[in-house]
Amino acid sequence: MTETTKKDCRRITIFDTTLRDGEQSPGASMNLPEKLEVARALVELGVDVIEAGFPIASPGDQESVREVAKVVQGAAVCGLARCVDADIDCAWDSVRYAENPRLHIFLATSAIHREHKLRMSQEEIIGRAVAGVTRGKAYCSDIEFSPEDASRTEIDFLCKVVEAVIRAGATTVNIPDTVGYATPQEMKARIAALIERVPNIDQTVLSVHCHNDLGMAVANSLAAVSAGAGQIECTINGLGERAGNSALEEVVMAMRTRSDFFKVDTGIVSQRLVPTSRLVSRITGLAVPRNKAIVGQNAFAHESGIHQDGVLKERTTYEIMSPESVGFLKSDLVLGKHSGRAALANRAKLLGHELSPEQLTIVFAEFKKLADRKKEIYDADVLAIIEQQIHEKKAADQGVWSYIGYALNCGDDRRPCLVLTLSQGDEKKTIEWEESGGPIDSVFHAFQKLVELPLILKEFKVEAVSSGADSQGEVIVILEDTQSGVIRRGHGVSTDVVEGTVKALLNAVNRTVTADA
Ligand SMILES: [Zn+2]
């Protein structure tokens, strides 16, 4: 983009709800330290508003919103509340610690919700909405109001609600497509109608919150922006209820790459998109599909010979964005057996991890071990080592379980015989285990016996981290604690699938042990 066009660009507010709507994805729940890590990454990414949670939902949610509010600087921190006094008071009690607090109050307005869920008339809805915004305004100047299911609300009534809440002090009015039903043309028309018909609309920022049930969340968000909306609500990797929300990385790069068309921009540091996507994927255990736009591993991989030839001659023949602009590194193949500490530290830094000298020592030792087993070490391998080490260090500091080693004797003519050693804090524990199932079965049962938890292995998956037959494998497990019903994902990386399995089980169990919510 040239400087002259940049000046003409309208600035769109990016409201990230990974920690609230994203966390509502089945299996994506995060504990407090994980939420804080994501919040810090979102600040570095340059989002304007972080929706940190729904405080009234549970004491854990309340605490995490409060802690996020305390650490975040720069971005506004928002808490969600239904349009009732107790919710609004509780949300304020959590976000009040923020440098820039925001309250987000919602109330359903569509006929379906009014009649079946709320059993309230249109007048009662307006009265309740105004009362809620007024109560919030007494606490906080930055108030967002969402008429839930707005895309299915009669437009005349929606205009009345929006006008009333703006008069009561709503500084942002968000139009949610709660059930993912709208089409881009309808969304555009709806935003245009609000701008034309609501007399005080210039006193608020119009926002959209689109769900992806029909795969139109990003298109709907962009349509709203082209009609004049000033804020998009979205999540990293498109996480969220059901099919998820508008994907932050996609709406941002669409607006940036096609600024000639949309004439808007955001404050997002696009080079942080891939690292943030990886972080959220690692923490939630929800893998990013390889062909995912912007952040998928294959998003910039040219397979056709004609395309490769074209890109080598002139990048723009087949590339509309550069991989570096969204945070992929230029060259991938990097290190080998003879690479030194400094080269590793430098690569780690390029990958977004500034390692302390102590961290570097541990990561370097693991790197050398891997280099003995594997000739070429890729960025994905380096990242896997760093993430695993950081996690294990954290686990050791918290006195939870960590991995020591194993020996396994198996074959198609004998029962697997396993010796597994783990430590809990300073204490080492070993178990010898023999059974008639396969080796992974026996690892799981021995592990379960050792940690003494009533676990069921719900899912087990192995994926290659990089390419080649000597690639590291990433093992992903989902465990259910049959006593508490808690479900936890874990992942572990190794060139050895048994070791990877034990590490994944440990990761899942440690997340359960240290979970706050
Ligand atoms: Zn939602």
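Which residues are the protein donors of the zinc ion? Let's start there, and keep in mind that we're looking at a predicted model.

So, the donors are Asp-21 through OD, plus His-209 and His-211, each through NE2. They lie 1.9 to 2.2 Å from the zinc ion. If you write the donor residues out as a sequence pattern, you get D-x187-H-x1-H. Look at what that does to the chain: Asp-21 and His-209 are 188 residues apart, and the pair links distant parts of it. Asp-21 is in the loop between strand 2 (13-16) and helix 2 (32-45), while His-209 belongs to strand 8, residues 205-210. And are those two buried or exposed? Both Asp-21 and His-209 are buried.

Okay, on to a pair of helices. Helix 4 is residues 85-95, helix 6 is residues 122-139, and they pack with their axes 10 Å apart at an angle of about 25°. Because that angle is under 35 degrees, helix 4 counts as roughly parallel to helix 6. Their crossing is right-handed. As for who meets whom, helix 4 brings Asp-85, Ile-88, Asp-89 and Trp-92, and helix 6 brings Gly-132, Arg-135, Gly-136 and Tyr-139. By class, that contact comes out as three nonpolar, two polar and three charged residues.

Last stop, Glu-319. You'll find Glu-319 in the loop between helix 13 (305-313) and strand 11 (333-335). Why does Glu-319 count as buried? Because its relative accessibility is 9%, and the cut-off for buried is under 20%. Leaving out residues up to four places away in sequence, Glu-319 touches Phe-300, His-302 and Val-311.

Key: Residues are numbered from 1 along each chain as its sequence is written. This is a predicted model: local features need pLDDT of at least 70, side-chain atom pairs count only at pLDDT 80 or more; totals for chains, interfaces and linings use all residues. Side-chain values use heavy atoms; hydrogens and water are left out. Axes are lines fitted to C-alpha atoms, for helices over the stretch in contact, and angles run from 0 to 180 degrees between N-to-C directions. Helices (H or I, at least four residues) and strands (E, at least two) are DSSP runs, numbered from the N terminus. Angles under 35 degrees count as roughly parallel, over 145 as roughly antiparallel, 65 to 115 as roughly perpendicular and the rest as oblique. A crossing is left-handed if the near helix is turned anticlockwise from the far one by less than a right angle, and right-handed if clockwise. Contact means heavy atoms within 4.5 Å. Ala, Val, Leu, Ile, Met, Phe, Trp, Tyr, Cys and Pro count as nonpolar, Asp, Glu, Lys and Arg as charged, and the others, Gly among them, as polar. Buried means under 20% relative accessible area, exposed over 50%, partly exposed in between (1.4 Å probe, protein chains only). Donors are N, O and S atoms within 2.8 Å of the metal (3.2 Å for Na, K and Ca); water is not among the atoms, so sites may look incomplete.
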